[in-house]
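Colleague: I would like to learn how to read helix packing and aromatic pairs in a model such as this one. Could we go through the features one at a time, with the general idea before the case?

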Amino acid sequence: MSGVEAQEKVSSNRLVTQLGDHSPTVLLCRPCLIVVQGTLGSSPEPPPESWAEAPGAMKGLTCFFLCFFLSESRGFEIPTNGLSEFAGYGDLVESAPGKFQFVPENRRYQRSISGESGERMEDVDQVTLYSYKVQSTITSRVANTVIQTKVVNHSPQPQNVVFDVQIPKGAFISNFSMTVDGTTFTSSIKEKTVGRALYAQARAKGKTAGLVRSRALDMEDFKTEVSIAPGAKVQFELHYQEVKWRKLGSYEHRVHLKPGRLAKHLEVDVWIIEPQGLRSLHVLDTFDGHFDGVPVISKGHQKAHVAFKPTVAQQRKCLNCSETMVDGELVVMYDVNREEKVGELQVFNGYFVHFFAPENMDPIPKNILFVIDVSGSMWGIKMKQTVEAMKTILDDLRTEDHFSVVDFNHNVRTWRNDLVSATKTQVVDAKNYIEKIQPSGGTNINEALLRAIFILNEANNLGMLDPNSVSLIILVSDGDPTVGELKLSKIQKNVRQNIRDNISLFSLGIGFDVDYDFLKRLSNDNRGIAQRIYGNQDTSVQLKKFYNQVSTPLLRNVQFNYPQTSVTDVTQNSFPNYFGGSEIVVAGKVDPEKLGQLQSIITATSANAELVLETLAEMDGLEDFLSKDKHADPDFTKKLWAYLTINQLLAERSLAPTAAEKRKITKTILQMSLDHHIVTPLTAMVIENEAGDERMLADSPPQDHSCCSGALYHGSKVSPSSVPSWVNPSPTPVPPLPAVGAQVLESTPPPHVMRVENDPHFIIYLPKSQKNICFNIDSEPGKILNLVSDPELGILVNGQLIGAKKPKNKKLSTYFGKLGFYFQREDVKVEISTETISLSGGSQTSVLSWSDTVHMLSQRVLVSVKKEKTVTISLDKEMFFSVLLHRVWKKHPINVDFLGIYIPPTNKFSPNVHGLIGQFMNEPKIHVFNERPGKDPEKPEASMEVKGQKLVVTRGLQKDYRTDRVFGTDVPCWFVHNSGKGFIDGDYKDYFVPQLYSFLRRP
């Protein structure tokens, strides 16, 4: 429950004071990154009798009660606005009977109302919630939220007002301010020992602090309480900050709303600014349809606004109700555009952030061991929910996956002693096994994990695992070890010594009896993460949701590299896996004086290829874009870098191997916490009035840490690696790249090639004759032409024609809109269209766009994409094919985007190679003679003998666009009329094939 609540102070035998010279100390516990909201909530019991004995210094606030329950969070400083003027309180005095009432001794005003059934009680609430406002601004995944409430006491008696809000786990509380009848309290961050000294002094004066622990699934509590005099006004304002982590294909922004009563002004504004562009946006119906039509969504290409501003009438549960229907969460779901490129590199104000979320790739096969605790403590709802979840999870396994199940109590059992394919029969058998489990006995975590590791290691040693697969262990447990090895550090050491580097361990801790800190260390130490699962009716949903996040590995061994000369302080940049629907985020500092442009190079392995992806930062447009939006946060890059860095340091600190290393990390965390105004286990928030003579303390106790709440990845920091030697597909020798981040070298294109351009013009270069012969093919859209067909070597190149938007001069031009390359021996297919480039190996496919610079190596086939320019395909650096992309104005009335293809002559094909281009790899003899003036004075004619025929050819010019993609370079050639008849074997229609990957059938 979150909110603001009032209490009437009427007891004469208890000490009740108004705002005076001193205020009590406040304890800030377990700060978290979360979403903020305020609510009117019920007040705790009145102060104990012993408070009446407190010294006179207790003039002031009766109680100031502040709590942060933050399992993973810290905070940034955000400017706090002063208290604005209150106006028009008198016309809204709402009563709110029920769970939010005024209760000191008798806890309510009572008024007699006669009626037939006798006397009944009516509640009269004399404290007005004047306004309840929440504003969230999200800039490139960094969300800043402000919750502000204004309350006025119309009662003739002092009232306790409680500000109790819930914020999301993982949020940074960055600032808190409170203004009580003109006296304002603001916050600052101090080193913890300084803050605790102030706290100790406050306790010596009889001040009190309280700690309330929250066990909510996704939220934590922030709570403060203050007594206000009759007619007094109070404003609370809380700032917090969080990073939006992508899960299952979208970002989720939750605003917890519990005002507890009707508010005269209830306003929620969510502003989203995403330079990458917004793909989707919607607001979930979390109020059972009560507020249909109330949320107003305005969405542009890169910006959106969600407004939720119900009137007092709309807030009511029913027409005559005084209770509010606003009790829940406003949930905004959105995602950004990714169709054009796999990553977004943003540089701003001396920092960079790199968002990486590729799509359109087939999943990597996975080897997965489920290790399930079936000890006695799992009896009942926890086991029932776990079995239900496991049955669904097993059904979701893909046939190419391998799996087994290990269940343990004081003993360890296995459903299968080795990994088996996830066939329908095996899945059914595994489900039957799980359904028969009866929880009992103790908990032997050590032996269970070692058994799972042994099964994976043995399968790998026997060659049973696909070398491109991903291996995962998912541990589900609700308690600490009670049998076997009991020492947690020893279990951690045993696992680390036995597990292979390619296995990731994920730990799911059910309930609060389990040592969650241990599970975090265990997983972080072995390339995974831990997550707490709450033991209730939703346990099954939580388990399935977590599995869905890791069920689709798309990449493994993902490493981000940046130029060391201009980039420093990079966060974790190496990750064992990338899972579909998520996002990896890397940040660092940049020196703008040393950097004209920032380029990253990412190396990774997909299901069917080795990948190298180059990303060039948008250096210019971002500043201009952000400056035009008043809601954009200009410090989003700095905040995101600080958030990642501090969280990762805290995780490293918990795993530090020596005391000296731990002290070094501690020193760094402390300095960063002070520099960035963040509450961590090493700092405290001091809250004081302007004069500095009234202070409270917000203190964060020691807690477990892992980076980063909501994030799916725990990576590592590694030194930049060299770009693989195969990245450069040039047939000429190229020196190795000297530095990571250096531009991938491009070779000068071969001067003489065979090519097809425009609609479509074929230019055949004959090396022995040193002549270019050209011809056109006039056909229909949709037809597929064979360009190269070499069944002996299993190499194929086909092109599919597309038509112009409409005819010009009664003729519809055609172009190549799609090209297919098939390397049969390698079982690799490459399909290139004007929109995407796909590489298929076996049953696995990776799809990229022209907006990326990427290199993919599969078997002996290398595909290199140069952003918006070319695709080069090479086979063992002996055969080369280049494809050029031609973009036209989208609104052009006739022209369309199309592809050009360039193939250097080579003797690497077999003697039987054929096709419209392939037949000329075995060069025919030609003789051009009797050159003479033609009908067009600028186009002379000549006779050409070739293949036993005598043809009339015309001198002309065609274009080569490899060095000048706009205007092209003129290439003189002899043009053969009638679609190349006489120069090509047979008729051009003989080169039609039925499918994009069909070999040419020759008579």
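This is a predicted model: local features need pLDDT of at least 70, side-chain atom pairs count only at pLDDT 80 or more; totals for chains, interfaces and linings use all residues.

Colleague: How many helices and strands does the protein have, and what share of its residues count as buried?

Modeller: The protein has twelve helices and 52 strands, and of its 1003 residues 59% count as buried. Among contacts between residues at least 6 apart in sequence, 73% join residues at least 24 apart.

Colleague: How should I read two packed helices?

Modeller: Two packed helices are described by the angle between their axes and the distance between the axes. Here the axes of helix α6, residues 488-498, and helix α7, residues 516-524, come within 10 Å and cross at roughly 20°, which makes α6 roughly parallel to α7. The crossing of these two helices, α6 and α7, is right-handed.

Colleague: Which residues make the contact of α6 and α7?

Modeller: From α6 the contact uses Leu488, Ile491, Gln492 and Val495, and from α7 it uses Phe518, Arg521 and Leu522.

Colleague: At what angle do the axes of α5 and α6 cross?

Modeller: The axes of α5 and α6 cross at roughly 5° and come within 10 Å, and the two helices, α5 and α6, are therefore roughly parallel to each other. In this contact Asn446, Leu449, Leu450, Ile453 and Asn457 of α5 meet Ile491, Asn494, Val495 and Asn498 of α6. The residues of the contact of α5 with α6 divide into five nonpolar, four polar and no charged.

Colleague: How many of the nine residues of α7 are buried, and what covers them?

Modeller: Eight of the nine residues of α7 are buried, so α7 is largely enclosed by the rest of the structure. The buried residues are Tyr516, Phe518, Leu519, Lys520, Arg521, Leu522, Ser523 and Asn524. What covers the buried residues of α7 includes the helices α5 (445-461), α6 and α10 (636-654), together with the strands β24 (470-477), β25 and β26 (530-533).

Colleague: How do I read an aromatic pair?

Modeller: A pair of aromatic rings is described by the distance of the centres and the angle of the planes. The structure holds 26 aromatic pairs, and one of them, Phe506 with Phe579, is edge-to-face, at 6.2 Å centre to centre with 70° between the planes. Phe506 lies in strand β25 (residues 503-510) and Phe579 in strand β29 (residues 574-579), so the pair ties together parts that are 73 residues apart in sequence. Both Phe506 and Phe579 are buried.

Colleague: How far apart are the ring centres of Tyr815 and Phe898?

Modeller: The ring centres of Tyr815 and Phe898 are 4.9 Å apart and the planes are at 25°, so this pair is stacked. Tyr815 lies in strand β40 (residues 814-823) and Phe898 in strand β48 (residues 898-903), so the pair ties together parts that are 83 residues apart in sequence. Tyr815 counts as buried at 8% relative accessibility, and Phe898 counts as buried at 7%.

Colleague: Which residues form one aromatic cluster with Phe356?

Modeller: Phe560, Phe575 and Tyr578 form one aromatic cluster with Phe356.

Conventions:
Residues are numbered from 1 along each chain as its sequence is written. Side-chain values use heavy atoms; hydrogens and water are left out. Axes are lines fitted to C-alpha atoms, for helices over the stretch in contact, and angles run from 0 to 180 degrees between N-to-C directions. Helices (H or I, at least four residues) and strands (E, at least two) are DSSP runs, numbered from the N terminus. Angles under 35 degrees count as roughly parallel, over 145 as roughly antiparallel, 65 to 115 as roughly perpendicular and the rest as oblique. A crossing is left-handed if the near helix is turned anticlockwise from the far one by less than a right angle, and right-handed if clockwise. Contact means heavy atoms within 4.5 Å. Rings of Phe, Tyr and Trp (its six-membered ring) pair if their centres lie within 6.5 Å; planes under 30 degrees apart count as stacked, over 60 as edge-to-face and the rest as tilted. Buried means under 20% relative accessible area, exposed over 50%, partly exposed in between (1.4 Å probe, protein chains only). Ala, Val, Leu, Ile, Met, Phe, Trp, Tyr, Cys and Pro count as nonpolar, Asp, Glu, Lys and Arg as charged, and the others, Gly among them, as polar.
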